[in-house]
Structures are given as structure tokens and as C-alpha cells.
Amino acid sequence: MCGIVGVVSSEVDRFRSTLVDMVESIVHRGPDAQEVWIDQTSMAGFGHARLAIIDLSVTGRQPMTSSSGRYTIVFNGEIYNYKKIKEELELLGGHAWVGRSDTEVLLSAIERWGLDGALNRISGMYSFAIWDGEERSVSLVRDRMGEKPLYYGLINGSFVFASELKAIKTFPGFSAIVDRGALGLFLKYSCVPAPYSIYEGVYKVEPGAVLKYFPEDRLCSGYEYWSSASELLHEKAAPFSGTFDAAVNELDGLLRKAVAQQMESDVPLGAFLSGGVDSSTVVSLMQAQSTKAIQTFSIGFEEKMFDEAQHARAVAAHLGTSHHDLYVSPEAVLDVIPKLPFIYDEPFSDSSQIPTYLVSAIAKERVTVCLTGDAGDELFGGYSRYQKAEKYWGLMSKLPLSLRRLSATGVRLISDPAISLLAGFKSSRTADSLVSPFWDRAEKMSGLLVCTSRSQFYHDSFLSHNNDALAWVQNSSELSTYFERANFGDLNFFEEMMAIDTMTYLPNDNLVKVDRASMSVSLETRVPFLDRDVFAFSCSLPIEFKVHKGVGKRILREVLYKYVPQTLIDRPKMGFAVPLAQWLRGPLRDWGEELLSESRLLHEGYFNARLVREKWDEHISGRRNWHYQLWDVLMFQSWLDSNK
């Protein structure tokens with residue numbers, strides 16, 4: 001795992017010190033070695049910060065040039081099947097290896113088969129840039145699922161790219177103008193989705209994409225070399241036809257192989273363990289293939305309803321792992337919050353970013369690589385919202401749209417007066433208990449009643465934090481996202497929701513959260529569920545193998561039960577969450593009040609100050625729960641404050 005930067009410009013030589021500064025800004029991604037390469041004749045300059053995982057020697061250092069001298073690469077990530085590709089290249093003959101890194105294998109594969117030919121063969125997580133000296137172009141490439149980040153932009157005529165925004169911000173002439181359309185998207189999704197960034201003129205390479213830049217002509221073009229939507233539809237066209245038991249055995253074998261490949265490391269390795277289905281499955285397969293106790297790590301909370309650490313300890317004890325956990329207090333959260341703007345570079349407000357950072361920090365004390373259970377919910381139907389959305393849409397869609405619109409109007413007409421009446425009760429506890437839960441749901445339902453399609457219903461009810469973001473952000477405009485252009489053929493509603501999450505929520509939120517949190521402490525994380533073969537197999541399975549009698553991840557549970565007793569696993573899903581609503585009314589209240597002061601909001605000019613203050617006052621009083629929407633604003637305010 002590493003950090004990469006680059007500048008492509010006719011004046012590249014004068015940016016040598018800039019490249020050094022860019023690399024230094026992301027040294028947390030690669031503390032083991034930092035290198036810069038410039039080819040004055042090619043107009044290209046690359047920089048690399050290395051976190052040594054495979055081939056710890058100098059032969060694994062980058063930037064790395066191919067044996068012919070045609071290609072130079074900077075690479076971030078891991079190629080899990082590099083040994084197989086290496087064997088294939090050796091059979092073809094004519095190659096002498098300098099070292100044993102996966103980067104050298106990738107570079108040789110590109111030289112032998114071309115970029116697209118190599119991309120069709122590799123399996124892994126990666127973002128990389130490669131200069132083609134013959135074609136005189138630079139190509140930026142991101143992995144299929146979007147595990148590794150890559151930003152780019154044109155700044156004063158120079159093409160600049162980097163793993164993180166902070167490196168691009170060091171480039172001379174960078175203009176830190178907030179894209180208000182992107183800010184609106186952030187309020188909706190708690191992240192800025194690709195291809196946008198929070199800054200005007202800076203973008204993200206999308207998952208499964210290649211972006212090619214020709215500096216002499218200043219031409220930029222891109223294409224998709226792989227699409228999760230296309231893969232899903234391809235696999236659904238020839239679905240798995242065996243029995244459920246056969247599918248369980250097949251998945252067990254594929255996951256075992258994926259886990260074994262991802263346990264390849266020349267440095268200490270462990271895993272995050274929450275005690276839930278996904279992480280427990282990964283840890284079970286790791287321990288089953290290891291001769292020593294796997295190092296496992298979890299986070300707990302003093303608030304019992306949010307605490308999963310006890311369950312993680314039980315699973316760890318059964319499997320015999322070497323387990324470590326840390327209990328988090330509100331005070332510890334306060335200590336983390338000031339670090340978040342630096343860690344994430346742009347506003348990011350999935351509150352589970354806090355425990356993710358903390359578990360990464362305790363893991364880094366003992367290991368350099370951790371496997372995670374991310375993506376199990378998206379691939380195998382684990383989120384409870386899927387079943388809720390299917391149920392509620394099934395009921396609502398039976399009513400004529402005209403009747404639903406009338407009902408929505410009625411709810412809106414009575415909600416505000418009712419809230420005001422109940423809030424006037426002398427007993428604030430009575431008011432809180434009556435007002436907040438009921439009217440939170442009533443107001444949301446008024447908006448959902450007018451949805452005209454099931455995908456809009458799912459988006460507005462479960463994916464979007466704020467369906468009125470344009471009213472919150474001053475001078476904002478609507479930007480299109482993948483959601484608007486997605487086409488999932490004739491999938492049923494359950495499958496469509498999983499597909500939407502896989503292509504939006506997973507790469508823009510979940511994977512960003514884990515990458516930035518872990519890499520901020522120089523820890524590499526790997527996601528076995530996103531193995532190429534595991535993903536393809538999951539797409540081929542009938543929905544009844546994933547969801548059965550109201551319970552998600554049916555097939556994954558059966559794999560896990562081979563290793564862990566069912567009694568240790570079967571319990572309501574908690575998620576990696578924090579008690580945000582309570583904390584904003586308690587230990588985080590003063591911090592929030594300062595960032596959301598009316599005078600400050602008016603001076604900065606990004607938000608509708610009256611609206612934000614109204615929601616803050618309602619939340620603090622306990623009359624309503626606006627913690628998701630307010631946390632989004634607070635994370636932007638904290639980020640803005642750190643960039644002054």
C-alpha cells in the first residue's frame with residue numbers, strides 16, 4: 001500500500017521540489033521510502049511514498065521503469081494473483097526479474113499484453129499511473145470496485161494527480177474553491193461521490209475506469225474497462241443452477257482462496273473483528289488457514305446498545321485468535337474529531353469513521369495489514385433497509401399516486417402545529433417522548449408518499465440524508481450522479497437495491513472511510529469479499545440464497561456456521577455506529593454550538609443559517625432528531641475551519 005503523485009507538464013523539471021512536497025504531504029500512506037522520478041523529455045514527473053508489504057528490499061521501490069524503458073509506473077495497492085501472472089509470463093520466456101514485487105509483475109504484464117490486456121488478467125485493489133514513453137501519454141487507472149483512491153485535475157496548464165487531495169493542494173496555483181454542487185451532494189450522501197471532489201476543477205477517477213492524458217495536445221479521454229453493473233447482468237444471464245448446499249460449498253471455497261491470497265504479506269497481518277457475520281467469516285477463514293493465532297481487533301462503546309465488543313470477544317475466544325479491543329468514551333471521540341479533516345481531505349460524515357480510525361490505530365500497534373469484512377452486506381443482502389424498503393414500497397405502491405399526494409399534503413399541514421403544541425407541554429420528557437420519534441417518521445413519510453418509482457423511494461428513504469439539500473446550501477445547483485444513469489435491467493427490487501449500494505454507497509462511502517482511516521496510521525486494509533471471483537459468484541446466485549424468511553446473508557451465514565456456532569452469531573445487526581444523537585446533546589454540544597453559530601454561518605455564506613439553526617435548536621431540545629443532517633453540516637464546518 002502506498003501513496004502516489006504526479007505532474008505532467010512541459011515545464012515538469014521546475015516542479016521537482018513540488019513533487020517532493022506532494023509526496024511528503026501523504027507520507028502517512030508510505031512511511032518506508034519516498035522517491036521522485038522526472039523524465040524531462042517525456043514531460044512526466046512521478047512521486048511515490050511506500051508502505052512496504054511485499055518485497056521489502058530496494059527492488060520493490062517506485063517509481064519503477066519497465067525493462068524496455070517504455071513504461072514508468074507509480075502503483076498503490078496489491079495485485080493478489082501476481083504469482084499466477086508471473087508464472088504465465090515466465091512460460092512465455094524472455095524475462096529476467098529484478099525483484100519479487102507485484103508492481104514489477106504488473107509492469108511486465110502491461111509490457112507483454114498492453115494496458116487493457118493486463119487489466120483483464122489482474123485481481124486486486126489498486127490505483128496507479130503509468131507513463132507510456134512511446135505513445136507519450138499518461139494513464140490513470142482505478143480498481144474495479146473503487147477500493148483505492150485517485151484524484152486529478154488541470155492546474156495552470158499542468159495535469160496533476162494524487163492518491164489524496166492534500167497532495168494536489170500543495171501544487172502551485174491551486175485554487176481552493178468549494179464546488180457548491182458537490183457540497184449539496186455531500187449533504188445528501190455524507191460523502192462527495194465520484195467523479196466529483198469538494199473543489200471545483202478536481203475530480204476522482206471512477207471505479208473500473210482508465211483516464212488517459214496526452215500532454216502535447218492537452219487532450220484527456222476516458223473509458224470503462226470493467227463495470228460492476230455489466231458484470232452483475234452478465235452473471236444473472238447464466239445464474240448458478242446448483243443446490244443451496246452446493247452453493248454454500250462453492251462460496252466457502254472461493255472465500256478460502258480469496259482470504260489465502262490476501263494473507264500474502266512480508267509484514268505482520270491481522271483482521272478487524274466486530275463479531276458480526278462478515279468479519280467473523282473472514283477471521284474464521286484466516287484462522288482455519290493459519291498455523292498461529294491471528295491478531296484481531298475491535299472497538300467497544302460504554303453505551304450498551306452500541307457495544308459489539310463483547311460479541312467480538314466471544315467469537316475470538318471460540319476461534320482462538322489473539323484478540324485486542326478498546327472501549328471508546330465520548331472524550332476519546334472529541335480527541336478524534338479535530339483529526340478528521342486532515343484524514344479525509346474533503347468533507348466526510350459517515351460517523352462510523354470515528355471507530356474505524358480508532359480500531360485502525362490499535363491494530364497498527366501490532367500489525368501492518370488488516371483484512372476486513374466490508375462489502376458482505378452489499379453482496380449478500382445484509383442491510384435491514386432492503387427488507388424495510390421492499391415492504392413499505394409494496395404497501396405504498398398499491399395506493400394511487402393521487403391519493404398518496406393528498407395524504408402527504410395532509411401530513412405536512414398538521415405536523416408543524418402538532419409539534420408546537422406538544423413541545424409546549426410543561427414536562428419536557430413527555431414532549432420529547434411524544435414528539436421526536438413519531439414526527440420524525442411522519443415528516444419523512446410525507447416526502448416518500450410522492451415517490452413515483454421504487455428506485456426513487458429507496459434513494460429518498462434510505463440513501464439520502466437530506467432530500468432538500470439545495471435549500472440548505474446557498475447558491476447550489478444539482479449535479480448528476482451514477483444513481484441517475486444506472487440501469488439494472490429486469491432485476492427485482494431487492495437485487496436492484498443491492499446493486500445500487502454496490503455501485504454508489506460502497507465505493508463512495510464505505511471504502512473511502514476504511515482507506516483514509518487506516519492509511520492515516522500507515523495500515524493497509526484488504527477486502528476479501530471484493531475478490532473478483534467472489535463478486536462474480538455472488539452476482540450469479542438467486543436472491544433466495546441470500547435472503548430467506550426475512551433474514552439476510554443466508555448463504556454467508558451457512559459458510560460461517562461451519563466454523564462458529566450459530567448461537568454466537570444470531571442476534572440483531574448493530575452496525576459500526578456511534579451514539580451520535582445523544583452525544584450532540586451532551587459532550588459534543590459546545591463544539592457544535594460554536595461551529596453552527598448564526599453569525600458564523602452568515603459570514604461564511606455556505607448554508608441557509610436560519611434553517612440550520614432551526615434544526616439545531618430542535619435537535620438540542622429533544623423535539624426532533626436531526627443528527628444525521630447536522631453531522632453533515634458539522635463535518636463540513638470542521639473541515640472548512642481546518643482549511644482557513
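## Ground rules

The model is predicted: local features need pLDDT of at least 70, side-chain atom pairs count only at pLDDT 80 or more, and totals for chains, interfaces and linings use all residues. Residues are numbered from 1 along each chain as its sequence is written, and side-chain values use heavy atoms, with hydrogens and water left out.

## Helix α14

Helices here are DSSP runs (H or I, at least four residues), numbered from the N terminus. Helix α14 covers residues 384-396, which is 13 residues. The expected span is 1.5 Å times one less than the number of residues. That gives 18 Å for α14, and its end C-alpha atoms are 18 Å apart, so the two agree.

R385, Y386, A389, W393 and M396 of α14 are buried (under 20% relative accessible area; exposed is over 50%, partly exposed in between, with a 1.4 Å probe and protein chains only). These residues cover an arc of only 110 degrees around the axis, so they sit on the same side of α14. The arc is taken from the directions from the helix axis to the C-beta atoms. The face turned away from the buried side carries exposed K391 and L395.

## Aromatic pairs

The structure holds 26 aromatic pairs. Rings of Phe, Tyr and Trp (its six-membered ring) pair if their centres lie within 6.5 Å; planes under 30 degrees apart count as stacked, over 60 as edge-to-face and the rest as tilted.

Take Y199 and W639. Their ring centres are 5.7 Å apart and their planes stand at 50 degrees, so this pair is tilted. Y199 is in the loop between α5 (180-189) and β10 (202-204), while W639 is in helix α29 (residues 627-642), 440 residues apart. Both Y199 and W639 are buried.

Now F240 and F545. Their centres are 6.5 Å apart with planes at 65 degrees, so the pair is edge-to-face. F240 lies in the loop between α6 (228-237) and α7 (244-262) and F545 in helix α23 (residues 543-546), so the pair ties together parts 305 residues apart in sequence. F240 is partly exposed, at 23% relative accessible area. F545 is buried, at 9%.

## Serine 280

S280 is found in helix α8 (residues 277-288). Its relative accessible area is 0%, so S280 is buried. S280 touches L273, G275, V315, L319, L560 and I569, not counting residues up to four places away in sequence. Contact means heavy atoms within 4.5 Å.

Technical notes: Helices (H or I, at least four residues) and strands (E, at least two) are DSSP runs, numbered from the N terminus.
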